Amino acid sequence: MTPTPHAQNHVILSAAKNPCISPYLRDLCATSATFAFFLCLFLAAPQNLHAQKSNGKVPGATTYNLTKELLAAAPKRFYGSPGHAAAEKFITSHFAPEEKDHRLEIDSFTASTPAGLQSLRNIIVKFPSAGPAKKDGIIVLGSHYETNYPLKDTAFVGANDGACTSALLIAFGEYFRAHPPVGYSVYLVFFDGEEAVKEWGPSDSLYGSRHLAAKWSQDGTLSKIKALILADMIGDKNLDIDQDANSDPKMVELLKLAAKNTGHASVISKDTTPIEDDTLPFHKRGVPVLDVIDYDYGPHDQKHSDGYHHTPEDTLDKISAQSLQTAADLFLELINLVNQR
Ligand code: ZN
């Protein structure tokens, strides 16, 4: 992904007002400090319960360990490399029950890139809705899994950029296998070809998502998507999630609400930044998209003009199970909130 060139727009948003206590209740509180104390405890209680509702369902430690395993099996995952095939094998091996049930789909296609024709594959895993609250529609969770082609001759492994978010999707698969979606169906999409091969631009980037958005537009899947939520670079130990100006504004509001409901409001940046990512081809076709991304990764100094992003320093030690836990909490609550809309 990349921030939209020349369009970095940092907006400081005003602090949200807390409307939870009405003037009437405030007057009551004023009459007795003791009463106010217990009233405040009472008002605070549902929020704490809510925060615990999703916490730990998709454990950060599970995602972290899966990231470690993926990096061991497929450290370099650029097109045409043995690691690219190994990464696909790693992902699909975690979905054997779904493959048996014909709910795992390999979307193979050939992309014309500056490095010639490349065989790319998006991996799609479907978890249909079950139960009485079943709703007609799909929530898509996405991540790209390949590594940057221009960095193929370096030690780049993309622990944060591709690996940990693919691991997050695998962990979500394990969760949905045990707890099938109760509202909308959930599709997991492991995108191939997110990175530019030579230089980022409309024809050299987002190969997998451009292909899938066009395919789903033709077969009618696109019109059923209620939300496409993308995970990118959110394993960063110092988690600071952008408000993406290229995402659906209502979905960004939902992200902030999800963060508040799960007790993670502090990880949402106050800055608004337009990001170009696998959400973009779907956004252009009218799908409500949200890019959950922390672009600001590592130090910015003489040695690191863009932090650890696209450097061999994007390694396992720069990410944390805690950030991956926070990411999972946010994604689960986002799914809850989309189902409630
Ligand atoms: Zn990247």
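Helices H3 (residues 60–73) and H6 cross at roughly 125°, and their axes come within 8 Å; axes here are lines fitted to C-alpha atoms over the stretch in contact, with angles running from 0 to 180 degrees between N-to-C directions. That makes H3 oblique to H6, given that angles under 35 degrees count as roughly parallel, over 145 as roughly antiparallel, 65 to 115 as roughly perpendicular and the rest as oblique. This is a predicted model, where local features need pLDDT of at least 70 and side-chain atom pairs count only at pLDDT 80 or more, while totals for chains, interfaces and linings use all residues. Residues are numbered from 1 along each chain as its sequence is written.

**The chain overall**
- The protein chain has 10 helices and 11 strands, taken as DSSP runs numbered from the N terminus (helices H or I, at least four residues; strands E, at least two).
- Take contacts between residues at least 6 apart in sequence: 78% of them join residues at least 24 apart. A contact means C-beta atoms, placed from the backbone, within 7 Å.

**H6 itself**
- H6 covers residues 159–178, 20 residues in total, and spans 27 Å from first C-alpha to last, close to the 28 Å expected (1.5 Å times one less than the number of residues).
- It's mostly covered, with 17 of the 20 residues in H6 buried.

**H3 against H6**
- On the H3 side you'll find Thr62, Thr63, Leu66, Thr67, Leu70 and Leu71, meeting Ala159, Ala163, Cys164, Ser166, Ala167, Leu168, Ile170 and Ala171 of H6.
- By class that contact has 10 nonpolar, 4 polar and no charged residues (Ala, Val, Leu, Ile, Met, Phe, Trp, Tyr, Cys and Pro are nonpolar; Asp, Glu, Lys and Arg charged; the others, Gly among them, polar).

**H10 against H6**
- H10 (residues 321–340) packs on H6 at about 55°, with the axes 11 Å apart, so H6 and H10 are oblique to each other.
- H6 brings Cys164, Leu168, Ala171 and Phe172 to the contact, and H10 brings Leu324, Ala327, Ala328 and Phe331.
- That's 8 nonpolar residues, with no polar and no charged ones.

**Lysine 215**
- Lysine 215 sits in helix H7 (residues 207–219) and counts as partly exposed because it has 14 C-beta neighbours inside 10 Å.
- Lysine 215 and aspartate 107 are 108 residues apart in sequence, but 9.5 Å apart in space, C-alpha to C-alpha.

Terms used. Buried ≥ 20, exposed ≤ 12 C-beta atoms within 10 Å, placed from the backbone. Contact = placed C-beta atoms within 7 Å.
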